[in-house]
Amino acid sequence: MINARNIFVLVLIVLAASLRISGVLPYNFTPIAAIALFGGAMFSNRTLAFMAPLSIMFLSDLFIGFHSSLIAVYAAFIAIVFIGQVIRTNPTMLRAFGGALASSILFFLVTNASAWWVLPEYTKDFSGLLNSYAAGVPFFRGTLTGDLLFTAVLFGSYKLAQFRFPSLVKA
């Protein structure tokens with residue numbers, strides 16, 4: 001459904017997504033999880049909620065490149081949209097930050113398990129899985145920081161805009 005609310009949400013998402021391919025952000029510091037969370041929480045159309053982050057990932061991956069853990073990354077973002085849909089019933093900033101924290105942890109667990117599975121340097125046992133998680137810890141800081149920052153920007157911008165434009169308030 002095309003309405004002012006969906007257009008505003010989509011504009012915020014496109015602006016944030018442009019940062020992924022801009023090259024200005026540090027490694028592992030991206031807005032994609034926040035976009036998935038925000039889209040899940042704000043779009044009334046479930047198809048749009050899932051297609052926005054997946055389309056952004058695919059289009060930006062055309063520029064950045066594809067990798068062996070691609071399916072796990074996309075699956076993690078699908079799960080993050082579901083977290084956003086849980087927030088949808090009452091999208092407060094506290095719930096958004098809780099969702100961002102849960103999203104960061106979920107992404108870390110899923111993508112590092114995938115790395116353990118596909119990369120030959122990890123033994124295919126519990127010890128190898130733990131080694132994969134340990135190797136991913138330095139990257140988690142950037143992921144968590146980016147998720148929290150971009151969640152604050154997206155949800156905060158939307159909340160501020162609601163004061164100026166009452167048509168953005170959910171019906």
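User: To begin, which residues in helix 1 meet helix 6, and which residues in helix 6 do they meet?
Analyst: Please note that this is a predicted model. On the helix 1 side, the residues are Arg5, Phe8, Val9, Leu12, Ala16 and Leu19. They meet Phe150, Leu154, Ser157, Tyr158 and Ala161 in helix 6. By class, this contact has 9 nonpolar, 1 polar and 1 charged residues.

User: Are helix 1 and helix 6 roughly parallel or roughly antiparallel, and why?
Analyst: Their axes cross at roughly 150° and come within 11 Å. Angles over 145 degrees count as roughly antiparallel, and helix 1 and helix 6 are therefore roughly antiparallel to each other. The crossing is right-handed.

User: What about helix 1 and helix 3: at what angle do their axes cross?
Analyst: The axes of helix 1 (residues 4-22) and helix 3 (residues 46-64) cross at roughly 25° and come within 10 Å. Angles under 35 degrees count as roughly parallel, so helix 1 and helix 3 are roughly parallel to each other. Helix 1 passes helix 3 in a right-handed crossing.

User: Which residues meet there?
Analyst: From helix 1, they are Ile13, Ala17, Arg20 and Ile21. Helix 3 brings Ala52, Ile56, Met57, Ser60, Asp61, Phe63 and Ile64. The contact has 8 nonpolar, 1 polar and 2 charged residues.

User: Let us turn to helix 2. How far apart are the axes of helix 2 and helix 6?
Analyst: The two axes are 8 Å apart, and the helices pack at an angle of about 35°. Their crossing is right-handed.

User: And which residues are in contact?
Analyst: Helix 2 uses Ala33, Ala34, Ile35, Leu37, Phe38, Ala41 and Met42. In helix 6, the partners are Asp147, Phe150, Thr151, Leu154, Phe155 and Tyr158. Counted by class, there are 11 nonpolar, 1 polar and 1 charged residues.

User: A change of topic: how much space lies in the largest pocket?
Analyst: The largest pocket holds about 920 Å³ of space.

User: Which residues lie nearest its centre?
Analyst: Tyr27, Asn28, His67, Val73 and Phe107 lie nearest the centre, out of 36 residues that line the largest pocket. The lining has 20 nonpolar, 13 polar and 3 charged residues.

User: Which helices supply the lining?
Analyst: Helix 1, helix 2 (32-42), helix 3, helix 4 (70-87), helix 5 (93-118) and helix 6 (126-164) each supply at least two residues of the lining of the largest pocket.

How values were computed. Residues numbered from 1 in each chain as written. Predicted model: local features only at pLDDT ≥ 70, side-chain atom pairs only at ≥ 80, totals over all residues. Heavy atoms only, no water. Axes fitted to C-alpha atoms, helices over the stretch in contact; angles between N-to-C directions. Helix = DSSP H or I, 4+ residues; strand = E, 2+ residues; numbered from the N terminus. Parallel < 35°, antiparallel > 145°, perpendicular 65-115°, else oblique. Left-handed = near helix turned anticlockwise from the far one by under 90°. Contact = heavy atoms within 4.5 Å. Nonpolar A, V, L, I, M, F, W, Y, C, P; charged D, E, K, R; others polar. 1 Å grid on protein atoms, 1.4 Å probe; cavity = no way out; pocket = protein on both sides within 12 Å on 5 of 7 lines; lining within 4 Å. Points joined across faces, edges and corners; volume = space filled by probe spheres on them.
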